[in-house]
Amino acid sequence: MTAILKNFIGGEWVDGSGVTKNINPSNTNDLVGEYARADKAQTEKAIAAAKAAFPAWAHSTPQQRYDALNKISLEIIARKEELGRLLAREEGKTLPEGIGEVARAGQIFAFFAGEALRLIGEKGASVRPGLDVELTREPVGIIGMITPWNFPIAIPAWKIAPALCYGNTVVFKPAELVPGSAHALSEIITRSGIPAGVFNLVIGSGSVVGQTLLEHPDVAAISFTGSVQTGRKIAQACVLSNPMKKFQLEMGGKNPLVVLDDADLKTAVEVAVNGAYFSTGQRCTASSRLIVTEGIHDRFVAAVAERLKGLMVDDALKAGVHIGPVVDQSQLDQDLRYIKVGQDEGAKLAWGGELLKRETPGHYLQPALFTEANNNMRIAREEIFGPVAAVIRAKNYDEALAISNDTEFGLASGICTSSLKYASHYKRNSESGMVMVNLPTAGVDYHVPFGGRKGSSYGAREQGSYAREFYTTVKTAYTYPG
């Protein structure tokens with residue numbers, strides 16, 4: 001009989017009020033594990049534990065925080081093969097991608113271990129004679145964290161690590177769809193030497209656990225990654241709460257990749273296929289709009305279709321697999337609906353889009369390539385979050401740039417070109433938070449800011465030293481020596 005893995009509240013592993021079953025999308029007969037589901041009362045206990053632990057942790061030494069974060073980093077990296085296999089098994093990204101994500105999580109904790117030692121203030125003279133002015137940063141308080149299923153260890157890492165680094169306490173609600181990676185990460189954190197209550201894990205639904213975090217007056221801030229619709233509800237709830245909560249939102253993307261006539265065709269194809277289809281297209285940074293100028297359009301489309309034919313779609317744990325399954329039946333149904341929408345709108349399904357059968361029952365979908373799309377179609381405006389991309393023809397660079405920016409989102413964008421002139425112009429004029437030149441739109445270093453503009457993001461950036469803007473508050477203090 002499978003043991004039910006517990007939540008972590010106030011320094012103890014505790015039973016829940018129900019059970020979440022974790023199913024392998026590569027083999028739906030495979031139960032990855034069973035996880036205790038928290039209710040409102042347990043979430044409130046986690047918040048109370050975080051509140052009790054906050055004063056001491058907020059005043060802990062940089063060395064104490066460094067030691068804990070460094071220990072977490074070392075264990076994650078030492079176990080990256082094991083944890084990567086768990087991640088691939090429960091989420092469906094390929095084993096190399098899963099191992100890579102785990103390694104990144106370890107690097108994030110290592111980075112913020114160092115940041116714990118680098119947090120400094122400023123001291124200056126006042127404009128008034130005889131006064132000193134000090135600027136210091138202090139922790140915000142209890143941070144409620146709501147994370148998605150598509151990066152089940154990296155995204156929690158880049159929220160939890162800076163929160164702990166700067167002296168905050170944490171109540172962590174992972175996506176119910178992928179509790180395994182969150183539970184494994186939490187186990188590692190509990191062995192780091194942090195005091196009881198500083199970190200708490202509550203696995204449960206957004207309507208119960210998430211709502212409790214939003215409504216509770218002791219939660220000072222919410223860091224959320226997920227859909228636009230949920231993000232807007234969180235923003236409203238944080239503004240209306242008493243006291244108001246600080247909030248940080250990372251939401252959707254409909255990221256463009258511009259391919260110009262002067263692009264190296266081989267490079268452009270690899271950039272497009274990697275950005276649009278790897279990780280089964282289940283990345284908010286995926287380049288689902290391929291905006292291609294007329295001179296290279298037909299050659300590019302033919303080459304992408306040929307490249308897609310050579311990709312292996314199969315069990316995420318098998319060697320040589322390029323694309324794993326869609327994460328679950330609900331997401332697969334959404335992908336199929338959008339493929340039909342694209343056809344109904346008049347776009348041409350140039351390749352793929354068919355359900356696949358493999359050795360084990362799973363949510364397997366051929367990557368879909370649409371051509372003859374335009375930027376007014378739903379498949380070009382709404383986030384699909386699957387292995388589906390649409391090619392949009394553009395007359396020239398100026399039109400490609402205009403199409404690129406014609407979206408409610410602004411997370412990532414890219415351009416393939418051999419022209420320094422166009423590359424430089426695009427970097428300056430693309431209305432996105434991150435821009436890639438001759439590189440996939442998906443993939444950001446762990447030590448630099450992550451985030452977008454417009455409907456993609458709200459609030460301070462995540463990752464890198466910029467994370468301190470969300471996880472700390474600035475205090476200005478005056479001293480009159482007398």
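Among contacts in the protein chain between residues at least 6 apart in sequence, what percentage join residues at least 24 apart? In this predicted model, the share is 73%. Secondary structure comprises 15 helices and 23 strands. The radius of gyration is 23 Å. A compact globule of 482 residues would have a value near 23 Å, so the chain agrees with that expectation. The C-alpha trace spans about 75 × 70 × 40 Å along its principal axes. Of the 482 residues, 57% are buried.

The largest nonpolar core holds 60 residues. Within this core, Phe109, Phe112, Ile160, Ile189 and Phe199 touch the most other members. Helix α5, residues 154–165, gives the core its largest share, at nine residues. A second core is separate and has 29 residues. Its members include Ala268, Val269, Ala272 and Val273. Phe199 illustrates the packing in the largest core. Leaving aside residues up to four places away in sequence, Phe199 touches Phe8, Ile160, Val170, Phe172, Ser186, Ile189 and Ile194.

Strand β8 covers residues 142–146, and five of its five residues are buried. In a regular strand, side chains alternate between the two faces of the sheet. On one side of β8 lie Ile142, Gly144 and Ile146. Ile143 and Met145 lie on the other. Both faces are covered, and each of these residues is buried.

Two strands pair with β8. Strand β9, residues 169–173, is parallel to β8 and joined to β8 by five bridges. Val170 of β9 stands opposite Ile143. Val170 is also among the residues touched by Phe199. From β8 the chain passes through α5 to β9, in a right-handed β-α-β crossover. Strand β11, residues 219–225, also pairs with β8 in the parallel sense, again over five bridges. Here Ile143 stands opposite Ala221. Ile143 therefore has a facing residue in β9 and another in β11, and counts as buried because its relative accessible area is under 20%.

Strand β5 covers residues 27–37. β4 and β5 run antiparallel and are joined by seven bridges. Ile23 has Leu31 of β5 as its bridge partner.

The peptide bond from Asn242 to Pro243 is cis, with omega near 0°. Pro243 sits in the loop between α8 (228–240) and β12 (246–250). Two residues with positive phi are also described. Phe385 is not a glycine, yet has a phi of about 65°. Phe385 belongs to the loop between α12 (378–381) and β17 (388–394). Phe385 counts as buried because its relative accessibility is 15%, and the cut-off for burial is under 20%. Lys454 has a phi near 50°, likewise a positive value in a residue other than glycine. Lys454 is found in strand β21, residues 453–454. At 38% relative accessibility, Lys454 counts as partly exposed.

Methods: Residues are numbered from 1 along each chain as its sequence is written. This is a predicted model: local features need pLDDT of at least 70, side-chain atom pairs count only at pLDDT 80 or more; totals for chains, interfaces and linings use all residues. Side-chain values use heavy atoms; hydrogens and water are left out. A nonpolar core is a set of buried Ala, Val, Leu, Ile, Met, Phe, Trp, Tyr and Cys residues joined through side-chain atoms within 4.5 Å. Buried means under 20% relative accessible area, exposed over 50%, partly exposed in between (1.4 Å probe, protein chains only). Helices (H or I, at least four residues) and strands (E, at least two) are DSSP runs, numbered from the N terminus. Contact means heavy atoms within 4.5 Å. Two strands pair if DSSP finds at least two bridges between them. A crossover is right-handed if, with the strands pointing away from the viewer, the path from the first strand over the helix to the second runs clockwise. The radius of gyration is taken over C-alpha atoms; the globule rule is 2.2 Å times the number of residues to the power 0.38.
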